[in-house]
Every structure is written in C-alpha cells, then in structure tokens.
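Come along while I look things up.

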Amino acid sequence: MAVEYLCKSCRGHLKVKTSIVLSASKVNSSKRGLIFLNPEIGNYTTTTHPSFKIEEGVEYIYTCPICHSQLNSAKYNHLVRIIMIDDEGKEFNIYFSGIAGEKCTYKIRGTRVEKKGPDSDLYDKYFDVPEEDRKYL
Ligand SMILES: [Zn+2]
C-alpha cells in the first residue's frame, strides 16, 4: 500500500503519481497557481508553472484543488494541514509552513509529534514536546 495524502476537508486524493498537488495563492492576492510538493517528508522541492513563481518569505494560502477548501490551519497560525495515510493504513495530520522557504514539517498522530526540517523549531510552541524527547528535559 502506498502512502497517500488527503484533503482534510473532502478527503479527496491530493497525491497524483509522484507529487502532492495543491492550489496556492499569495495572501491578499488573487493570483493563483498549482504547486507540486514532494510527498517525501523533509524534501522541500516544489514545482510550479513558470508563470507562477513562489516567492521566498511570502505566506501562501493553500487550497484543495478538488473541493477548494482552505488548508491553512485555523488553529496554528502560518501552518497548513493535510492528512497522510501511511503504508500500514495509519492516519496522521501533516502540518507544513505556509510561508515559502520555511522548511518544517510536523507529523502528528494522537499525542505523538515527529518534526522534520531545519526550521522545525520555529513552531515548537504549537506542539507538545514529543514523548521520546521528554527524557532530555
Ligand atoms: Zn478537498
């Protein structure tokens, strides 16, 4: 079973072939485009059409290309949430930064948080310290 990514709202499949496909627009801008994200957690390569350039440091609103729901988290400012189903059928919430260039991903199931990416300390305040790190406190 392959790892799948779903919209948090309609649960439509967002991973097509080798990319997660989302619609993106700059905050306060009507210019929209498709963005292809790498489904490998910790890989921050993105692909867009040359007419739609992602600007580093700018915050984007991500929407589901199927149901058009906004994927930016209402709970965690600057983070975007999608659902991941792993190869064992387990479901996780995946959060990544809506600010282009910030490399951080949080994979969450219940109280377990896995952090990935060089900027993952940026949003530590949102999540409890994971169980396995508590012994270092
Ligand atoms: Zn959707």
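This is a predicted model: local features need pLDDT of at least 70, side-chain atom pairs count only at pLDDT 80 or more; totals for chains, interfaces and linings use all residues.

I looked up the space in the largest pocket and found about 460 Å³. Its lining is made of 28 residues, and those closest to the centre are Leu 37, Asn 43, Tyr 44, Thr 46 and Phe 96. I also checked which strands take part: strand S4 (32–37) and strand S8 (91–97) each supply at least two residues of the lining. The most comes from S8, which gives 3 residues.

**Entry: the sheet**

S8 turned up again when I turned to the strands. I found an open sheet of 5 strands, paired antiparallel, in the order S1-S7-S8-S9-S10. At its edges stand strand S1 (4–6) and strand S10 (112–116); each has a single partner strand, so one side of each has no neighbour in the sheet. As a reminder to myself, strands of a sheet pair through backbone hydrogen bonds.

I then followed S1 to its partner. S1 and strand S7 (residues 79–85) run antiparallel and are joined by 3 bridges. One bridge I wrote down pairs Glu 4 with Ile 85 in S7.

**Entry: the zinc ion**

Which protein donors does the zinc ion have? I listed Cys 7, Cys 10, Cys 64 and Cys 67, each through its SG atom, at 2.3 to 2.4 Å from the ion. The site is tetrahedral, with angles of 102 to 115° among the 4 donor atoms. For comparison, I jotted down that the ideal angle for four tetrahedral donors is 109.5 degrees.

Along the sequence, the donor residues follow the spacing C-x2-C-x53-C-x2-C. Cys 7 sits in the loop between S1 and strand S2 (15–16), while Cys 64 sits in the loop between strand S6 (60–63) and S7. These two are 57 residues apart, and the pair links distant parts of the chain.

Terms used: Residues are numbered from 1 along each chain as its sequence is written. Side-chain values use heavy atoms; hydrogens and water are left out. Two strands pair if DSSP finds at least two bridges between them. Helices (H or I, at least four residues) and strands (E, at least two) are DSSP runs, numbered from the N terminus. On a 1 Å grid over the protein atoms alone, a cavity is a set of points where a 1.4 Å probe fits but cannot get out, and a pocket is an open set with protein on both sides within 12 Å along at least five of seven lines; lining residues have an atom within 4 Å of a point. Grid points are joined across faces, edges and corners, and a volume is the space filled by probe spheres set on the points. Donors are N, O and S atoms within 2.8 Å of the metal (3.2 Å for Na, K and Ca); water is not among the atoms, so sites may look incomplete. Four donors count as tetrahedral if all angles lie between 85 and 135 degrees; four count as square planar and six as octahedral if opposite donors are over 155 degrees apart and all others between 65 and 115; anything else is irregular.
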